[in-house]
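Subject: Structure handover

Hello,

Here is the structure for your files. My notes on it follow below.

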Amino acid sequence: MEKLFDKLRSRSLKEILREHAWLSRYSLHYKKEVLWYVLVGILGTAVSLIGSILSKYIIDAVTGFNTNGIVAALVFFVLMQLFQIITRAISSRINARVSIRVNQQITAQVYDKLLVTDWEALSAYHSGDLLTRVAGDVSTVSSSVLGWLPELLTRFLQFAGTLGVILYYDVTLAALALISAPITLLMSRYVIKMMRLHNQKMRQLNSEMMIFNEESFQHIQLIKSFDRTDAYSQKHRKLQQQFKEASMDYNRFSIHKNTIMSLSGTVVALVCFCWAIYRLWSGYITYGTMTLFLQLSSSLTAAFA
């Protein structure tokens with residue numbers, strides 16, 4: 001408990017909460033778009049849960065535990081799958097349109113702000129750095145404005161719905177499926193800190209590359225006149241090497257993180273699988289319920305993470 005409070009008091013978490021509060025206020029400018037994303041996420045979560053429950057009844061019907069209503073369950077299952085395919089196609093089209101519009105609006109707002117900003121304050125930034133912010137950072141902000149709140153609500157509802165279904169069938173399985181929760185919580189502070197550091201370093205190097213390329217192309221005649229092409233070529237490769245090293249460092253960190261999370265997920269899946277087999281062997285559950293357990297246990301762990 002003490003470690004949890006230390007985590008809540010940590011500087012990195014406070015910064016993230018402050019940034020998300022800013023994103024929440026910014027998201028209010030796009031209430032309709034965010035609401036659409038939330039509704040699509042909730043619909044997808046509901047369809048997924050219903051599909052898992054339907055598959056349980058279909059398997060039980062096939063294996064002879066419950067032959068009543070097999071035709072109706074199959075028809076409803078097929079209709080749900082078709083509905084999910086159609087909904088996914090429509091939402092993908094609408095999401096693309098909304099994302100482009102929001103990205104363009106935010107880009108235009110930042111561009112207008114730069115035009116009216118005091119020249120003395122603006123001169124502290126290189127034009128290449130400003131281009132990086134407008135081209136790259138604005139895209140990140142726009143996707144976060146539209147994505148983080150719907151993703152948070154969707155994952156929360158997925159977690160609550162999945163937990164509710166598992167608790168209805170087996171309370172012990174719900175506890176077993178959350179074995180990895182302490183590992184996720186303990187790792188979160190370190191993971192968040194490292195992700196922020198790597199992200200900032202990558203963006204800084206990307207900005208330096210943009211600055212160097214812009215200056216090179218802008219003064220290319222002078223570079224040729226003073227025979228500095230080799231020097232600039234070497235500098236370009238040096239920047240590329242720095243970017244490569246930073247990318248590989250981030251890749252190494254991601255591999256270590258994913259390996260630990262995968263191992264913990266594998267342990268949880270194995271424990272849930274053994275428990276489901278035991279319950280099936282004891283006659284407490286059916287084959288369909290066992291399949292439902294295995295599907296929902298992994299979904300519960302992923303939603304919590």
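Helix α11 has 18 residues, which at 1.5 Å a residue should span 26 Å, and its end C-alpha atoms are 26 Å apart, so the two values agree. The expected span of a helix is 1.5 Å times one less than its number of residues. Helices (H or I, at least four residues) and strands (E, at least two) are DSSP runs, numbered from the N terminus.

This is a predicted model: local features need pLDDT of at least 70, side-chain atom pairs count only at pLDDT 80 or more, and totals for chains, interfaces and linings use all residues. Residues are numbered from 1 along each chain as its sequence is written, and side-chain values use heavy atoms, with hydrogens and water left out.

The buried residues of α11 are G288, T289, M290, L292, F293, L296, S297, S299, L300, T301 and A303. Buried means under 20% relative accessible area, exposed over 50%, and partly exposed in between (1.4 Å probe, protein chains only). These buried residues pack against α3 (31–62), α6, α7 (171–177) and α10.

G288 lies in α11 and counts as buried, at 0% relative accessibility. Leaving aside neighbours within four places in sequence, G288 is in contact (heavy atoms within 4.5 Å) with K56, I59 and D60. G288 and I58 are 230 residues apart in sequence, yet their C-alpha atoms are 7.4 Å apart in space.

Next, the aromatic residues. A pair of aromatic rings is described by the distance of the centres and the angle of the planes. Rings of Phe, Tyr and Trp (its six-membered ring) pair if their centres lie within 6.5 Å; planes under 30 degrees apart count as stacked, over 60 as edge-to-face and the rest as tilted. A search of the whole structure finds six aromatic pairs.

One of them is Y169 with F293, an edge-to-face pair at 6.5 Å centre to centre with 70° between the planes. Y169 lies in α6 (residues 127–169) and F293 in α11 (residues 287–304), so this pair ties together parts that are 124 residues apart in sequence. F293 is buried, with a relative accessible area of 1%, whereas Y169 is partly exposed at 24%. Y168, Y169 and F293 form one aromatic cluster.

Another pair is F212 with Y232, which is stacked: 5.7 Å centre to centre and 25° between the planes. It links distant parts of the chain, with F212 in α8 (residues 181–218) and Y232 in α10 (residues 229–282), 20 residues apart. F212 counts as buried at 9% relative accessibility, and Y232 as partly exposed at 32%.

There is also a charge over a ring, meaning that NZ of Lys or CZ of Arg is within 6 Å of the ring centre and within 35 degrees of the ring normal. The charged end of R279 sits over the ring of Y284, 4.5 Å from its centre. R279 lies in α10 and counts as buried, at 18% relative accessibility. Not counting residues up to four places away in sequence, R279 touches D170, Y284 and I285.

As for α6, this helix has 43 residues and reaches 61 Å from its first C-alpha to its last, close to the 63 Å expected at 1.5 Å a residue. α6 bends by about 35° at S144; the bend at a residue is the angle between axes fitted to the seven residues ending there and the seven starting there.

S207 is in α8 and counts as buried at 4% relative accessibility. Apart from neighbours within four places in sequence, S207 is in contact with D129 and T132.

R97, found in α4 (residues 70–116), counts as exposed at 56% relative accessibility. The C-alpha atoms of R97 and V141 are separated by 17 Å, and the two residues are 44 apart along the chain.

Finally, the cysteines. The structure holds zero disulfides, a disulfide being a pair of cysteine sulfur atoms within 2.5 Å. For C272, the nearest cysteine sulfur is that of C274, 9.4 Å away, which is too far for a bond. C272 counts as buried at 1% relative accessibility, while C274 counts as partly exposed at 43%.

Regards
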